[in-house]
Amino acid sequence: MSSQKVAVVTGGGRGIGAAVSQRLAADGFAVAVNYSRSARDAEDVVAKIVADGGRAVAIQADVSKATDAERLVADTTARLGAPTVLINNAGMNKAGAARRQGPEEFDEVIAVNLNGAFYCTHFALPAMYEEGWGRVVFVNSPSGGRRPSPGMSAYSAAKAGLVAMTKTMAVEVARRGITVNSVMPGFVATDIVASGGEAGVEALTRYWPSIPPESIASTVSFLVSDAAADVSGEEIGVWRGGPVGV
């Protein structure tokens, strides 16, 4: 059995997830690139990692379902080894004012962004406890309390939940050699940003510094390294100070 550390990146085939998957592979991790629907994107990321001499596999799982999250960890363990690094990056949004957004849409946003992060962490933690070492990173958002936006009640609630989860879990695992942190990207051109509509994207482009996905990946790289062994329960902003010119 290889002694190489194994990382799972949920939503790892596109945007920030793809950048994180490739950076962790370059750092020496074997990487499970999770996807829900975009198999080709995940397989392209895996192909790039393998072409550069790394180890990676693409694994389908809808993390909003507890059974899929459990299978994701089990399949990763069978194919690469037990994961001791988990990047909870999978996310989605359906923007809408609270008086117009139906319960089904609200539930879907919470299920992917919040429930899915808990499910994956729940099933990944036992191997980290056994190893006496682990890293959990939640990819968060300014919408989770720093910069709330109209029409984002469900998304903001989910991301605020991740802030609380980060701080609570960090205390729970503090004596186990495991750290739990959040990364808060600013404006990164992703599908979730596009879901807010053209007007929303235009406003973001005008007032927010554009952050490349690789900058988020660099911060994740630090948080999962031994250099960050004493950093836990933190929300690290990668947004160059936030909105400008307003």
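Trainee: Why are α1 and α2 called roughly parallel to each other?
Mentor: Helix α1 and helix α2 (residues 39-51) pack at an angle of about 20°. Angles under 35 degrees count as roughly parallel, over 145 as roughly antiparallel, 65 to 115 as roughly perpendicular and the rest as oblique. The pair α1 and α2 therefore counts as roughly parallel. Their axes lie 10 Å apart, where axes are lines fitted to C-alpha atoms, for helices over the stretch in contact, and angles run from 0 to 180 degrees between N-to-C directions.

Before we go on, this is a predicted model: local features need pLDDT of at least 70, side-chain atom pairs count only at pLDDT 80 or more, and totals for chains, interfaces and linings use all residues. Residues are numbered from 1 along each chain as its sequence is written, and side-chain values use heavy atoms, with hydrogens and water left out.

Trainee: Which residues of α1 meet α2?
Mentor: A18, S21, Q22 and A25 in α1 meet V45, K48 and I49 in α2, a contact being heavy atoms within 4.5 Å. By class these divide into 4 nonpolar, 2 polar and 1 charged. Here Ala, Val, Leu, Ile, Met, Phe, Trp, Tyr, Cys and Pro count as nonpolar, Asp, Glu, Lys and Arg as charged, and the others, Gly among them, as polar.

Trainee: What makes S21 count as buried?
Mentor: The relative accessibility of S21 is 0%. Buried means under 20% relative accessible area, exposed over 50%, partly exposed in between (1.4 Å probe, protein chains only). So S21 is buried. Leaving aside neighbours within four places in sequence, S21 is in contact with V9, G12, V31, V33, V45 and I49.

Trainee: V31 is on that list. Is V31 buried or exposed?
Mentor: V31 is buried, because its relative accessible area is 0%. This residue sits in strand β2 (residues 30-35). Beyond four places in sequence, the contacts of V31 include S21, L24 and A25, along with A7, V9 and L80.

Trainee: Which residues of α8 are buried?
Mentor: In α8 (residues 213-223), they are I216, A217, T219, V220, S221 and L223. What covers them includes α1 (15-26), β4 (85-88), β5 (134-139), β6 (178-185) and β7 (235-238). Helices (H or I, at least four residues) and strands (E, at least two) are DSSP runs, numbered from the N terminus.

Trainee: Why are α3 and α4 called oblique to each other?
Mentor: Helix α3 (residues 66-79) and helix α4 (residues 103-131) pack at about 40°, with axes 9 Å apart. By the angle rule, α3 and α4 are therefore oblique. A66, A69, E70, L72 and V73 in α3 meet Y119, C120, F123 and A124 in α4. By class, this contact has 8 nonpolar, no polar and 1 charged residues.

Trainee: What makes the pair of F118 and Y119 edge-to-face?
Mentor: Rings of Phe, Tyr and Trp (its six-membered ring) pair if their centres lie within 6.5 Å; planes under 30 degrees apart count as stacked, over 60 as edge-to-face and the rest as tilted. The count comes to 1 aromatic pair. The centres of F118 and Y119 are 6.5 Å apart and their planes at 70°, so the pair is edge-to-face.

Trainee: Are F118 and Y119 buried, exposed or partly exposed?
Mentor: F118 is partly exposed because its relative accessibility is 40%. Y119 is partly exposed too, with 23%.
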